[in-house]
Amino acid sequence: MSDLRETLEHAVQEDQLLANTVANILHLLSGSNNPVYRAAIDELVENEAWTELNDRFFKALAFGTGGLRGRTIGKIVTRAEAGSQAGGICPAFPCVGTNAMNFYNISRATQGLVHYIKEYLAKNGPRPGIAVAHDTRFFSRQFGELTAKVATESGCDVFLFESARSTPELSFAVRHTNSTAGIVITASHNPPHDNGYKVYFADGAQIVEPHARAIIDRVNKVASEVYEPLPKSQQGTLVSLGSELDDVYKARLRTLVLRPDVIVSQKELKIVFTPIHGTGAIISVPALRELGFQVLTVPEQDKPDGSFQTVKSPNPENAEALTMAIALAETEKADLVIGTDPDSDRMGVAYRDQSGRMQLLTGNQIGSLLAYYRTKTFKGQGVLNDQNRARGVILKTLVTTDLQKTIAQREGLHCVETLTGFKYIGAKLEKYEAALPAEIRKAYRALPEQETRSARLKHSYFYVFGGEESYGYSGADFVRDKDANGAAIMFAEVAAYARSNGMTLDQLLDQIYLEYGYYQEKSGSLAFEGAEGADKIRRLADSYNANPPSEIDNSQVVAVKDFAAGEIPDVEGDILPREKMTIFELADARRIAVRPSGTESKIKFYLFAKNSNVSKDSLVETRASLAAALDSLWAWLQEDAKNRVG
């Protein structure tokens, strides 16, 4: 160890390694006897791979408010990591490093979480329970099994899915099993080299304050992956979850259908579905078929595959990810394409337009169609009426299109805007459940959907729809996260509804625009990798508040809202948590939101424009002019960012 220390310290003196990198390398090696760790580090040092060492060790992988996310396969794969899988896509062992997703950080995170939930339950006495799921990514099963092992040996009962399952089903399982917490191993739609560890609390939603900070503190206090298992008599039990829970979840998903008669009348509607090598087909395909839809799948993408070999990115937000599904739809003359990301919490859509061509919808358009249809249908059925409609609520993030807010307001519904992240929508749902009378709350999770709806309309708020622009949607509170399984069912019904009225989805969208105004959005991002990139993202985000522009793209800035400053209330008077996000309002009604991504090495920009007085004759011109205005705005912002940080 002394020779290695000397070499590392010399590299610091030569400005090849950061001092933090050396400290973290030595800390990792002092707390573990895993031979892969030392062998991988020695090889990187021998090859003078200083940038790789800095990226892997410049910090400890941060346990944020959602959990962990990072590289599980290094940019350089050492011989020790490759092991018996040398030359393969996935090495035998995950990336060695304190700033990586690996067994070291999985163990630490689970130890810290268990410490917290045991303290949380100390006054009540029951043994903690944790539901655990994982997606199809590299090392996901191993990470899930290690999580279960650490938790059970530390005194928790664990409900571990027998094989890959979606994030929304994990949320459902937390509530169904009455677990204290939930964990899903996933990096959502990130590149194949990433993985993650997402934490949920007893309500089935991702952790928020006060639990988030307390869990982070416990995790940060865990110095090593090594722990002392409790005596066998004090350890928890391991329960396997499988098809029985799938059936319960699917039964609840079927309650999302508002008009079964519409689906029955459109049996010729044909859907192509792709899980993009992930978990989506496990639930969505049988659920859609059981409802009566014709569903074809993309054979090449049905197979679970952590390398996602048929796509550049397993993200249904990107057109390329749906290329194979669209090609199959053209061959089979299908009406609709639905694609889900690896953990099936996001859904992308393509449809056949009025000219017969397949077209993509944006996340904002998908959400607006769902919000419109569910609002109008609930009102048409009398579920929402003049007496109770103000208790119907649409939840959306601040960076999601204002069209959904306009729909809610015009139809007399309540609309709440949250920070980015479905955990904040989940927190609102927990608030609304907590407002119910105690006798209803006690039985709430077991009540039929119609009974929970009646209770919420009488005593609290009835959740009509929730969504975010990044292709995440939800239509009921039995899942407390975005749910692509539920979204697939809801959107298939919207497509059937449009077809039953002789319309394509673009025609239905135009009808919405003519009623509520035309809204257009554009998103962009700037990526910065590694330790240097993280610093650049921080400096760029800070600069917008330290030195805000007075004019953007030839339009005066009329308002600036800094969410990092805090003390900003939502429409219900709840103070929004602090977040590094800045929103600029322009004199010409354009709007920009800027925020660092919480899951990727990039800073995101959200651009908005609208025309409230559009007519049938002006719709085409309005669409083109607003698109040009947003393109111009994005060009200005990119140039401005270069000037701010180089």
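This is a predicted model: local features need pLDDT of at least 70, side-chain atom pairs count only at pLDDT 80 or more; totals for chains, interfaces and linings use all residues.

Me: Which elements each supply at least two residues of the lining of the largest cavity?
Reply: The lining has 13 residues, and T255, R374, E449, G475 and A476 lie nearest the centre. By class, 7 are nonpolar, 2 polar and 4 charged. The elements that each supply at least two are helix 15 (363–380), helix 19 (449–459) and strand 14 (462–468).

Me: How much space lies in the largest cavity?
Reply: The structure holds 5 cavities of 30 Å³ or more. The space in the largest of them is about 70 Å³.

Me: Which helix gives the largest share of the lining of the second largest cavity?
Reply: About 50 Å³ of space lies in this cavity. Its lining is L256, S474, G475, A476, F478, V479, D483, G486, A487 and M490. These divide into 6 nonpolar, 3 polar and 1 charged. The largest share, 3 residues, comes from helix 20 (residues 484–500).

Me: Which residues lie nearest the centre of the second largest pocket?
Reply: This pocket has about 410 Å³ of space. Strand 16 (518–527), strand 18 (555–562), strand 19 (582–586) and strand 21 (602–611) each supply at least two lining residues. Of the 23 residues in the lining, those nearest the centre are L398, K405, E417, E585 and R591.

Me: How many residues of the lining of the second largest pocket are charged?
Reply: The lining holds 13 nonpolar residues and 1 polar residue. The charged residues number 9.

Definitions and conventions. Residues are numbered from 1 along each chain as its sequence is written. Side-chain values use heavy atoms; hydrogens and water are left out. On a 1 Å grid over the protein atoms alone, a cavity is a set of points where a 1.4 Å probe fits but cannot get out, and a pocket is an open set with protein on both sides within 12 Å along at least five of seven lines; lining residues have an atom within 4 Å of a point. Grid points are joined across faces, edges and corners, and a volume is the space filled by probe spheres set on the points. Helices (H or I, at least four residues) and strands (E, at least two) are DSSP runs, numbered from the N terminus. Ala, Val, Leu, Ile, Met, Phe, Trp, Tyr, Cys and Pro count as nonpolar, Asp, Glu, Lys and Arg as charged, and the others, Gly among them, as polar.
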